[in-house]
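Here are some notes to read beside the structure.

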Amino acid sequence: MHSQAPTDDFVRPPGTGTQQRRSRLCFELLSCAWKGHVLVGTDAASVTAEDALVVRNAGRGARAHRCLRCDGWILLPAPTEPSRATVAGRDEVVLPTRGRPLKSRVVLRLIALTRAFNVLVLLLVLGGVVAVLANQTALRETLVVSAASLQEIIGGQTVGGLQSLLSGDAGPLWLVATGVLVLLLLETVEGIGLWRATRWGQYLSTVLTTLLLVPQVLQLSSSASPGTIIGIVVNVAVVLYLLVSKRLFGLRGGLPAEKAEVEHDVSWDALARDLPPGSTATPALT
Ligand SMILES: [Zn+2]
């Protein structure tokens, strides 16, 4: 390991020499705007050439730190009271999610939010059923109308036709309450699984959404409202996205291909590959 001597000359951080265009939505930048940059070496007493991938001396007592998520180079003063001698080693750093895995996480969380909405609707419906069981008819009307209004907003028909169910057409109310409760629990677990980007959550969501598509499609024969059609289109898109993009059931190489994609985008090799044009991993500072 050889030391990189501090210099009095100001050294431009990588990526500041030429203008770079980003033509697509950059989830890394959005994530950093929300959670802050992920920097290493801000607490280190010295920085060497071996750290050049993530932090460099920039001259005049400053350091350029590379954000491990968005690749932005942030100019900061060297610490006056460093808590460690050298920059943290690669085995000490947990790399943040970036690239395709980050984009996929955002999409999964958007799907999870729609599930949270379904849970809210189901809670209102369950409240309506319980209200009927407790002979609170006026309360039932309020809750069920609220649930129907909410469903109209996103077009989801997870519990379509509940008015008829509650009027007694679908059997004993306790049976309806049990069905709604089971669906509520499943949607909750699915939402949590998707939010945390788990594999089981993606499988559960695919199966559950496919099953819920059946009553939605059947409903088309009685009422082809815009809400129903939008709901079907969204759910079909969700199922296709999960199957194809997340490579479920062995599609497109399955889990091994999924892991390879994560390794390709979230790794030290990816950081070395994604250096801005014109900068090297071991710059020769004067
Ligand atoms: Zn960043």
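1. In what order do the 3 strands of the open sheet lie, and is the pairing parallel or antiparallel? This is a predicted model, and in it the order is 1-2-3 with antiparallel pairing. Strand 1 (55-59) and strand 3 (73-77) are the edge strands, each pairing on one side only. On average, neighbouring strands of the sheet are turned by 30° against each other, direction ignored. As background, strands of a sheet pair through backbone hydrogen bonds, either parallel or antiparallel.

2. Look next at strand 2 (residues 62-66) and strand 3. The two run antiparallel and are joined by 5 bridges. Ala 62 stands opposite Pro 77 in strand 3. The hairpin that these strands form has 6 residues between them, and Asp 71 takes a positive phi near 70° there.

3. For the chain as a whole, there are 9 helices and 3 strands. Read from the N terminus, the elements run α-β-β-β-α-α-α-α-α-α-α-α. The chain has 286 residues, of which 30% count as buried. Among contacts with a separation of 6 or more, 68% come from residues 24 or more positions apart.

4. The largest nonpolar core has 14 residues, and Val 40, Val 55, Cys 67, Leu 68 and Val 87 have the most contacts inside it. Apart from this core lies another, of 11 residues, which includes Val 121, Val 129, Val 132 and Val 176.

5. With neighbours within four places in sequence left aside, Cys 67 is in contact with Cys 32, His 37, Val 38, Leu 39, Gly 72 and Ile 74.

6. Does the span of helix 5 (residues 173-195) agree or disagree with its number of residues? At 1.5 Å a residue, its 23 residues should span 33 Å, and the end C-alpha atoms are 32 Å apart, so the two agree. Several residues of helix 5 are buried, among them Val 176, Val 180, Leu 184, Glu 187 and Gly 191. Just after the helix, Ala 197 takes a positive phi of about 55°.

7. Why does Asn 235 count as buried? This residue lies in helix 7 (residues 226-245). Asn 235 has 23 C-beta neighbours inside 10 Å, and a residue with 20 or more is buried, so Asn 235 qualifies. Leaving aside neighbours within four places in sequence, Asn 235 is in contact with Thr 209, Leu 212, Leu 213 and Gln 216. Leu 212 is 23 residues away along the chain, and its C-alpha atom is separated from that of Asn 235 by 8.7 Å.

8. The last point is a helix pair. The axes of helix 2 (residues 99-133) and helix 8 (residues 254-265) come within 6 Å and cross at roughly 115°. Helix 2 contributes Gly 99, Arg 100 and Pro 101 to the contact, while helix 8 contributes Glu 261, Val 262 and Asp 265. By type, the residues of this contact are 2 nonpolar, 1 polar and 3 charged.

Notes: Residues are numbered from 1 along each chain as its sequence is written. This is a predicted model: local features need pLDDT of at least 70, side-chain atom pairs count only at pLDDT 80 or more; totals for chains, interfaces and linings use all residues. Two strands pair if DSSP finds at least two bridges between them. Helices (H or I, at least four residues) and strands (E, at least two) are DSSP runs, numbered from the N terminus. Axes are lines fitted to C-alpha atoms, for helices over the stretch in contact, and angles run from 0 to 180 degrees between N-to-C directions. The expected span of a helix is 1.5 Å times one less than its number of residues. A residue is buried if 20 or more other C-beta atoms lie within 10 Å of its own, exposed if 12 or fewer, and partly exposed in between; C-beta atoms are placed from the backbone. A nonpolar core is a set of buried Ala, Val, Leu, Ile, Met, Phe, Trp, Tyr and Cys residues joined through C-beta atoms within 7 Å. Two residues are in contact if their C-beta atoms, placed from the backbone, lie within 7 Å. Ala, Val, Leu, Ile, Met, Phe, Trp, Tyr, Cys and Pro count as nonpolar, Asp, Glu, Lys and Arg as charged, and the others, Gly among them, as polar.
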